[in-house]
Amino acid sequence: LSFHKNAQGAAEASQCAAAQGKFWEMHDAIYDDPTKLSVLDLKATAIALGIDAAAYDACLASQKPSAEVEFDKALGKKLGVRGTPSIYINGEVFEGGLSSDALVSAIEAELE
């Protein structure tokens with residue numbers, strides 16, 4: 001997100017965490033404390049999650065996570081995603097912070 005200066009770095013950190021099987025743990029940590037998104041904070045989070053620091057650093061230096069994030073951004077733009085979260089249920093777009101009740105209702109309506 002162009003208005004979120006730390007989004008790219010957080011996304012890349014998440015890709016490097018995923019390389020070590022810790023994507024969801026990193027995801028949850030980022031969303032639990034969105035004030036901790038500097039490069040140093042993200043690395044500290046990775047280490048606290050048991051991620052190998054040398055492998056994490058090598059991953060970030062490889063530019064692979066950057067390419068993966070850029071691919072995802074381009075795909076989202078192509079699909080018309082305007083923000084996060086965006087959820088598609090049978091072709092209908094639900095954007096923004098929807099409650100779990102609203103999502104359940106939308107899914108149930110589609111299942112009927």
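**View 1. Helices H1 and H2 pack side by side.** The axes of helix H1 (residues 7–18) and helix H2 (residues 23–32) approach within 7 Å and cross at roughly 150°. Axes here are lines fitted to C-alpha atoms, for helices over the stretch in contact, with angles from 0 to 180 degrees between N-to-C directions. H1 and H2 are therefore roughly antiparallel to each other (angles under 35 degrees count as roughly parallel, over 145 as roughly antiparallel, 65 to 115 as roughly perpendicular and the rest as oblique). On the H1 side, the contact is made by Ala10, Ala13, Ser14, Ala17 and Ala18, and on the H2 side by Phe23, Met26 and Ile30 (contact means heavy atoms within 4.5 Å). These residues divide into seven nonpolar, one polar and no charged; Ala, Val, Leu, Ile, Met, Phe, Trp, Tyr, Cys and Pro count as nonpolar, Asp, Glu, Lys and Arg as charged, and the others, Gly among them, as polar.

Before moving on, a word about the model: it is predicted, with local features needing pLDDT of at least 70 and side-chain atom pairs counting only at pLDDT 80 or more, while totals for chains, interfaces and linings use all residues. Residues are numbered from 1 along each chain as its sequence is written, and side-chain values use heavy atoms, leaving out hydrogens and water.

**View 2. The whole chain, for orientation.** The secondary structure comes to six helices and two strands, running α-α-α-α-α-β-β-α from the N terminus on. Helices (H or I, at least four residues) and strands (E, at least two) are DSSP runs, numbered from the N terminus. The C-alpha trace spans about 50 × 25 × 25 Å along its principal axes. Of the 112 residues in the chain, 21% are buried (buried means under 20% relative accessible area, exposed over 50%, partly exposed in between, with a 1.4 Å probe and protein chains only).

**View 3. Tyr56 and its surroundings.** Tyr56 lies in helix H4 and, at 2% relative accessibility, counts as buried. Leaving out residues up to four places away in sequence, Tyr56 touches Ala13, Cys16, Gln20, Met26, Leu42, Lys43, Ala46 and Ile51. Helix H4 (residues 53–61) also holds Ala61, which counts as exposed at 57% relative accessibility.

**View 4. Glu12, a buried residue without a salt bridge.** Glu12 sits in helix H1. Glu12 is buried yet has no salt bridge, and the nearest side chain of opposite charge, Lys73, is 7.6 Å away. Lys and Arg count as positive and Asp and Glu as negative; His and the chain ends are not counted. A salt bridge is a side-chain nitrogen of Lys or Arg within 4 Å of a carboxyl oxygen of Asp or Glu. Apart from neighbours within four places in sequence, Glu12 is in contact with Leu60, Pro65, Ser66 and Val69.

View 5. The structure holds four salt bridges, and here are some of them. Glu68 and Lys64 meet at 3.5 Å, N to O; being four residues apart in helix H5 (residues 64–79), they are separated by about one helical turn. Glu70 pairs with Lys73, their closest N and O atoms being 3.2 Å apart. In the salt bridge of Arg82 with Glu95, the closest N and O atoms are 2.5 Å apart. Arg82 lies in the loop between H5 and strand E1 (86–89) and Glu95 in strand E2 (residues 92–95), so this pair ties together parts that are 13 residues apart in sequence. Arg82 is exposed, with a relative accessible area of 69%, whereas Glu95 is partly exposed at 33%.
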